[in-house]
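Morning, everyone. Please have a look at the next slide, and then I'll take you through it.

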There are 2 protein chains.
Amino acid sequence: MDRELSNKLSPILSRRSIRSYQDKEISNELIDALLHAGMAAPSACAKDPWRFIVIRDKAMLGTVCEKLPNGTMLARAALGVVVCGDLNAAHSNQLSYMLQDCSACIENILITAPLLGLGAVWLGIHPRQERIDHLRKVLSLPHAIIPVSAIAIGYPDEHKAPRSRYDEGYVHNEKW
Amino acid sequence: MDRELSNKLSPILSRRSIRSYQDKEISNELIDALLHAGMAAPSACAKDPWRFIVIRDKAMLGTVCEKLPNGTMLARAALGVVVCGDLNAAHSNQLSYMLQDCSACIENILITAPLLGLGAVWLGIHPRQERIDHLRKVLSLPHAIIPVSAIAIGYPDEHKAPRSRYDEGYVHNEKW
């Protein structure tokens, strides 16, 4: 890819998982921008089944990540956003659509973070039942609300160079 | 959101589903850029289970969309990218992770399209069994390869103004 093209796509190509954060709060304006970006994702039949738990409280962040292996950095993040899906709101009440819609929404938030000077990482919850049960309990989630992932967000305290995971072996032309 | 912030996030906030295309080919360089963007998405345990069928042939595009309701514009698109997941490659062979990873990848491609002057729309395949079976047959997909969505892409022949689907009712603080 030539340099001009690669610069143009930099928000997408240079996204990396950021797991180390400065001890610095994130303004409500930026949190609002992250949520706007999340809700700008497409969803099946425009059902927008995403729901958000915005967590700033350090004790709650620590509690949430107790059952998230590899998610301990959440306790040191300025912000956690747990993205949930409402199965009752999803197109045809299908889990598949709910997961697809929420994942597009999560990716929008991940791409937006560095545009705001922030770093973020996607911490998986679904389909691990023990994580779902834990989040349901500590966040008081209603039955139809399924936590899909937690996003840890903060001002980055690490720099990661862009890298490509492009694999031409994954690309087929016209048919498999 | 103030204007400066909103401009900064414009690639994400102004994305719209584009369903009408000019009769103009897309260069291999741009197709390559779209695929690089897709593969820059995060995936559970970096398993990168996404696989791509890149379709330029008009007859094949027409065949693919035969079983995609609301997907007839694919026959008039310059390009179709069918994003599939390899269930054998996905983290813990979990369909949920495979869907989440592929959806983040699809969203990257959708956001990249307008940065390249292109327009795109996400056409749902999974979990509709009749669509999966049709795609499996016409694209000769192996058993573990599950088509998640088809993306129709072309130079836009319609303009859609940005719109916000932000809903503050979807946002909860600290807990539900």
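I'll start with one chain and then move to the interface.

First, the ground rules. This is a predicted model, where local features need pLDDT of at least 70 and side-chain atom pairs count only at pLDDT 80 or more, while totals for chains, interfaces and linings use all residues. Residues are numbered from 1 along each chain as its sequence is written, chains are lettered from A and ligands numbered from 1 in the order in which they are written, and side-chain values use heavy atoms, with hydrogens and water left out.

Take chain A. It has six helices and five strands. Those are DSSP runs, numbered from the N terminus: helices are H or I with at least four residues, strands are E with at least two. The order along the sequence is α-α-α-β-α-β-α-β-α-β-β. The C-alpha trace spans about 50 × 45 × 30 Å along its principal axes.

Buried area is the accessible area (1.4 Å probe) lost when the two parts are put together, summed over both. On chain A's side, A:Tyr170, A:Glu174 and A:Trp176 supply 13% of the buried area, more than any other three residues.

Next, polar links. There are 36 residue pairs in polar contact between the chains, both residues at pLDDT 80 or more. A polar contact is a pair of N or O atoms within 3.5 Å; within protein, one must be able to donate a hydrogen and the other to accept it, and residues adjacent in sequence count only if both atoms are side-chain atoms.

Salt bridges: two cross the interface. The rule is a side-chain nitrogen of Lys or Arg within 4 Å of a carboxyl oxygen of Asp or Glu. B:Asp48 meets A:Arg165 at 2.9 Å, N to O. B:Arg165 meets A:Asp48, with the closest N and O atoms 2.9 Å apart.

Last, strands. β1(A) pairs with β5 of chain B (residues 171-173) in the parallel sense, over three bridges. Pairing takes at least two DSSP bridges. Within β5(B), B:Val171 is the bridge partner of A:Phe52.
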